[in-house]
Amino acid sequence: MSSSSPTKAAHEHAVLLNSIADGANQYPKPEHVNYTYGTAGFRTLATKLPSVLFRVGLLAVLRSKRLEGATIGIMVTASHNPEPDNGVKLVDPSGEMLDPSWEPHATTLSNCPSTESLISTFTTLANHLRVDLHQPANIVYARDTRPSGPELIKALETGLRVFGDSVKINDLGVTTTPILHYVVKATNDKTAEYGVPTKEGYNAKMAKAFTTLIGNKGPLAPLYVDCANGVGAVALKDFTDALGDLLPVHPLNTATTTQGALNHMCGADFVKTKQALPPSVHSSGVLSKPGSRACSFDGDADRIVFYYLNEEKANFRLLDGDKIAVMVAMFLVDLVVKAKLDEEHRLKVGVVQTAYANGSSTKYLTSRNIPVTCVSTGVKHLHHAAQRYDIGVYFEANGHGTVLFSDSAIKALKAASPQSPDAANAIKNLLAFSELINQAVGDALSDMLLVEAVLAHRGWGASDWDAGYEDLPNRLVKVEVPDRSIFVATDAERKLTNPPGLQEKIEEVMRKYEMGRSFVRPSGTEDCVRVYAEAKTNSEAENLALAITDLVRFASGQS
Ligand code: 16G
Ligand code: MG
């Protein structure tokens with residue numbers, strides 16, 4: 001579009017509104033559905049989503065135009081949810097989640113009941129946000145392997161195309177959420193240092209860093225990877241093709257086209273919530289070989305948990321996000337010490353967790369003087385808190401996380417004059433880790449390589465890694481309540497301010513259990529309240545969870 005004359009501009013604006021109206025008429029909002037852009041974007045039954053995708057397209061273009069054509073990402077996925085669900089979320093130019101101040105705009109647009117109200121809300125929003133519609137826009141999008149993906153992408157593209165030539169689109173096709181984040185970050189990186197903004201660029205960058213880190217430390221033990229029958233299977237294959245045979249990876253659950261298979265009885269969420277092997281991994285017998293370890297991705301490959309069978313009793317042992325954070329933080333602290341940077345460049349390594357972090361992991365870190373910050377659930381909170389450290393390790397217990405290196409940390413490492421070959425080696429390794437680890441978002445594939453690289457450097461197997469600390473037994477209970485909005489959490493969701501008096505009662509019960517800790521928070525993704533409880537023994541954790549669940553039911557009017 002050009003703005004040569006007021007009449008021409010008015011005409012162009014009218015043409016734009018007409019084409020929005022045409023598109024919107026193809027994708028009417030279903031009645032009686034109320035959408036919310038939640039912790040991880042919109043997520044619900046795929047059949048309810050076409051109108052949302054069309055409108056998300058409009059919003060992404062507004063955001064890109066507002067930011068003078070910076071590339072905005074759109075990911076179509078419902079992560080670990082079952083196959084009939086789908087979802088969509090926006091990625092900001094830095095590769096991070098959409099700025100939270102724009103989340104309400106997504107919610108508002110998606111809930112406009114008619115084409116007329118959509119047009120008027122769009123116009124108001126564009127004015128209010130001071131968007132110059134003559135600016136160019138750049139959008140990159142991708143989807144996971146869900147069968148509903150292609151239809152939803154069509155709706156999205158219709159939303160993007162109403163702006164005509166002013167919008168450039170880059171369709172990444174089927175790929176993981178973290179690869180989409182990587183491409184967004186790399187595309188917007190004016191220095192071109194982050195990497196080539198393609199899937200191939202991602203694979204090449206990681207393969208190079210991993211090869212540097214492993215050096216002659218191979219051959220590595222075989223690694224079994226449960227891909228949750230999702231897009232991780234595709235990304236893993238592409239990556240291992242690029243890497244060669246340095247890491248003997250054996251993919252499991254790769255049935256991306258089998259109906260109903262996605263996340264079904266497998267994947268990171270299954271393993272973490274059931275605290276058990278996926279039946280498919282169990283029956284494959286791969287873990288019965290001594291020293292074997294496996295990991296599970298979730299449906300869009302931004303979460304990972306590891307596990308193995310204890311040698312004596314063949315018990316399932318989970319190595320979750322907390323175990324990853326502790327091992328990685330300890331390792332990076334050691335490297336920083338070895339790097340012997342001068343006093344003013346000494347790098348501060350810190351860990352960010354949520355209230356779900358097992359109490360033993362927090363104790364382990366703090367007793368070793370590693371600073372730990374606790375924040376609310378959701379990647380955006382962890383990510384921002386991690387940016388306050390030179391090297392910020394953040395992981396949710398569920399396996400969602402990464403390690404952020406600040407710009408000044410990278411500068412200090414690049415500028416350092418090492419005092420010994422050991423120091424030079426530590427600096428080289430720290431830089432290689434910063435390349436290996438996805439700096440935009442938690443990434444199962446990159447985290448898998450991170451764990452494997454740390455294990456190789458330590459010369460550890462899974463049981464050595466596990467030996468650091470013993471998790472406190474814990475329970476997570478989902479409580480359905482008539483109105484979860486009456487539950488208001490504070491203090492990084494560790495306490496409730498509402499309903500009045502409930503927190504005091506929770507604490508009174510907690511005190512009865514040795515090492516008892518429990519908290520209640522409303523879910524950000526489902527219509528429920530979650531109760532977490534941990535205590536010294538399994539039965540105490542169980543009883544504490546039941547007692548707190550009763551309090552929650554009572555407080556919400558159920559007896
Ligand atoms: C979303 C979050 C995840 C969090 C989960 C909690 C992102 C990308 N994902 O999936 O980090 O653990 O929500 O769900 O932020 P809940 O609020 O239902 O417990
Ligand atoms: Mg996910």
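Q: Before we start, what does contact mean here?
A: Contact means heavy atoms within 4.5 Å. One caution: this is a predicted model.

Q: Okay. Which residues of α11 and α16 meet?
A: From α11, Ile324, Met327, Val328, Met330, Phe331 and Asp334 take part. Their partners in α16 are Leu450, Val451, Val454, Leu455, His457 and Arg458.

Q: And by class, what residues does that contact have?
A: The contact of α11 with α16 has nine nonpolar residues, one polar and two charged.

Q: Why are α11 and α16 called oblique?
A: Angles of 65 to 115 degrees count as roughly perpendicular and those under 35 as roughly parallel. The axes cross at roughly 55°, so α11 and α16 are oblique to each other.

Q: Is the crossing of α11 and α16 left-handed or right-handed?
A: Left-handed.

Q: Which residues are closest to its centre?
A: Lys185, Tyr194, Phe405, Asp407 and Ile410. They belong to a lining of 25 residues.

Q: Which one gives the most?
A: α14, with four residues.

Q: And the lining of the second largest pocket by class?
A: Eight nonpolar, eight polar and nine charged residues.

Q: Let's switch to the backbone. Is the peptide bond from glycine 218 to proline 219 cis or trans?
A: That bond is cis, with omega near -5°. Proline 219 sits in the loop between α7 (199-214) and β6 (223-226).

Q: What about the bond from asparagine 498 to proline 499, cis or trans?
A: Cis, with omega near -5°. The loop between β17 (495-498) and α18 (502-510) holds proline 499.

Q: Last one. What is the phi of alanine 228?
A: Alanine 228 has a positive phi of about 60°, although it is not a glycine.

Q: Where is alanine 228 found?
A: In the loop between β6 and α8 (231-243).

Notes
Residues numbered from 1 in each chain as written. Chains lettered and ligands numbered in written order. Predicted model: local features only at pLDDT ≥ 70, side-chain atom pairs only at ≥ 80, totals over all residues. Heavy atoms only, no water. Axes fitted to C-alpha atoms, helices over the stretch in contact; angles between N-to-C directions. Helix = DSSP H or I, 4+ residues; strand = E, 2+ residues; numbered from the N terminus. Parallel < 35°, antiparallel > 145°, perpendicular 65-115°, else oblique. Left-handed = near helix turned anticlockwise from the far one by under 90°. Nonpolar A, V, L, I, M, F, W, Y, C, P; charged D, E, K, R; others polar. 1 Å grid on protein atoms, 1.4 Å probe; cavity = no way out; pocket = protein on both sides within 12 Å on 5 of 7 lines; lining within 4 Å.
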